[in-house]
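Please consult the sequence and structure shown here while reading.

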Amino acid sequence: MPIPQKIQELANKVRNAIFGKDVREAIAEALEESGKTSAEAREITEALLDGSFDQGLLDTEIREKLQQLEQDYAPQLTDLGVQLAHTMTQVDTVQVKADNNASMYWQPPTQLPARKDHANYFFDTFGSNADGFINNLFEPLRLANISHLTRTSLGKDASGTYDVWRYVFTPKKIRKTLILGAGIHGGELTGILAVYLFLKHLMEDWHKYPQLAYIRNNVRLVILPIQNPWGVSQPHPRVRQNSNGVDLNRNFDYKWSEYAGASTPFGHDYKGTAPFSEIESQYIRDTLNTYSDATAYLDIHNLGSASHDYVAYNSINATNQFIYDDLINFLVRDIATPVINNSQQDTPSAYNYSYHVKKIVSGNPEWADGRYGSTYGSVELTKALEWFGNIIIQHARQDVFTPNEPFVIETHFETGTTTITINSTSLVEINQFKFIFTPPSDGILLFEGVVTVKSSDPASINTFNPFIGQESTDFQYGFSGTINRFEVYSEGDKRQTIPFYSQTYLKRDKVASVGIRAKTTVGTVTIYRYRGRITFIPSEKADRLKVYSANTGTWVQEY
Ligand SMILES: [Zn+2]
């Protein structure tokens, strides 16, 4: 603690005093000042010690002031609290939406079980026949959403006992149509439940999920919830075939005659006596005809054996295969050793008929029962709904199913040390020019180019025929009966360059060949150069290649 300034001055005065009287006076003054300072210090100390500052009083004042503040601001704080809670809820909702948007995949909420021996079950699957599914699931949903859901009976099934129902969900604006089928095989009930649960969420909480909101506003769903009601109505584990013992999913007119299957009714995959011999398959065919502009037909199945995590049968080279591949890649994220089967089939099934004959993109997704606990249990239904629901959603997102891109191939030949010489008087293929490929989809092939030729004989007439052919019954050179349209000629022995062109409609999966045939009337003709351009334009509709006859002024049916 520093010495007070006054005392310091007096101390200096004592130090500097020369005369006795001054010295004594200075000492006295300093002593007096010191005493005064110490007295003040003592007073302050004593005041502090005897509690002149009342801490209790201070606490009370502070408390009162805080209470007052609290009272003044309480309403505002309550408001803020409510607002905060509301904001947090919104943040949660936005987060759910953001998660869903981020993956594009729908994560359905946990589903209740559909079996009586599980708590909180919503439906007794084991104890219900086809009418039970309709009357206890689909009908209550329709009656509660009468402005969006309608139903029609297509007629009785082959047994004459059960109606085959068609439900239609109509969105705000019909921008596209998706056809859903389930229960074509009587024992496959998970698919029926999944279609119901999807429809239920579409009716009741579509606004929570952007994927469902999209369908709600844009996509008409045509639903055949039980395509084989007799099979579904037989005692558990039900019957795969209809009442005539026909596997309806082998009764369609796609490679029906080539398919063997079981030889007797009720054999596993007995195909029936003729394509569409069964009324139930006719109802499916008629639905595909009625809604022929559908984006897709999805026939939902399930497997008794739980040998795979995800199974989706699809047609060969199907343009929607990426949907399954991408979805499976996403879903297997939490499965350590996924087992996947998305093999392609060539059976007279509903989806192959839809894809190959009706040109409606299709799919046959399967659910492996028991992969996630009890069949029809909560976890099973939640996972099955995630699987089927996202397949429906992803197909609903598609506008045009021609992801196969057009492509162009240039092919050319220059005569070097080898030359190509033709001496035939009937058309022969020039092997070096022949190009063989398999179209990745149905489509139009354009073939055009030039050949540079020289004949040995001035009297010769040389013919060049650009051909496009395809194997089996579709194989043809140019167009049968009108082949001269695609012939070009050179005459005499001068070197000439001749342009050519041709085009035809090709089917997917079948080997096609493109090339030149040539002949000469006399002597030999040598080909020096050849340039060809092969353009493939994917198209699911054969009538996009049109032929107009200038002779008759009419359109010609060539394909
Ligand atoms: Zn099946």
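## Salt bridges and buried residues

At 39% relative accessibility, lysine 156 is classed as partly exposed, because that class lies between buried (under 20% relative accessible area) and exposed (over 50%), computed with a 1.4 Å probe on protein chains only. The model is predicted, so local features require pLDDT of at least 70 and side-chain atom pairs count only at pLDDT 80 or more, while totals for chains, interfaces and linings use all residues. Residues are numbered from 1 along each chain as its sequence is written, and side-chain values use heavy atoms, with hydrogens and water left out.

Lysine 156 pairs with aspartate 163 in a salt bridge whose closest N and O atoms are 3.2 Å apart. The term denotes a side-chain nitrogen of Lys or Arg within 4 Å of a carboxyl oxygen of Asp or Glu. Aspartate 163 is also partly exposed, at 22% relative accessibility. Side chains of opposite charge can pair when their charged atoms come close. The structure holds 18 salt bridges; three of them are tabulated below.

| Aspartate 163 | Lysine 156 | 3.2 Å |

Helices (H or I, at least four residues) and strands (E, at least two) are DSSP runs numbered from the N terminus. Aspartate 442 is buried, with a relative accessible area of 1%.

Glutamate 448 is partly exposed at 26% relative accessibility, and arginine 533 is partly exposed at 44%. A network of salt bridges links Glu139, Arg142 and Arg151.

Contact here means heavy atoms within 4.5 Å. Serine 354 lies in helix H10 and is buried, at 0% relative accessibility.

Glutamate 366 lies in strand S9. The "active site" annotation in an unreviewed UniProt entry covers Glu366; UniProt positions are given in the numbering used here, feature names are shortened, and annotations may be inferred rather than shown by experiment. Glutamate 366 is buried, with a relative accessible area of 6%. Beyond residues up to four places away in sequence, its contacts include His301, Asn302, Tyr313 and Trp387. The side chain of glutamate 366 makes a polar contact with the side chain of asparagine 364 at 3.1 Å. A polar contact is a pair of N or O atoms within 3.5 Å; within protein, one must be able to donate a hydrogen and the other to accept it, and residues adjacent in sequence count only if both atoms are side-chain atoms.

Glutamate 386, in helix H11 (residues 378–397), is buried with a relative accessible area of 7%. Glutamate 386 and tyrosine 105 are 281 residues apart in sequence and 8.5 Å apart in space, C-alpha to C-alpha.
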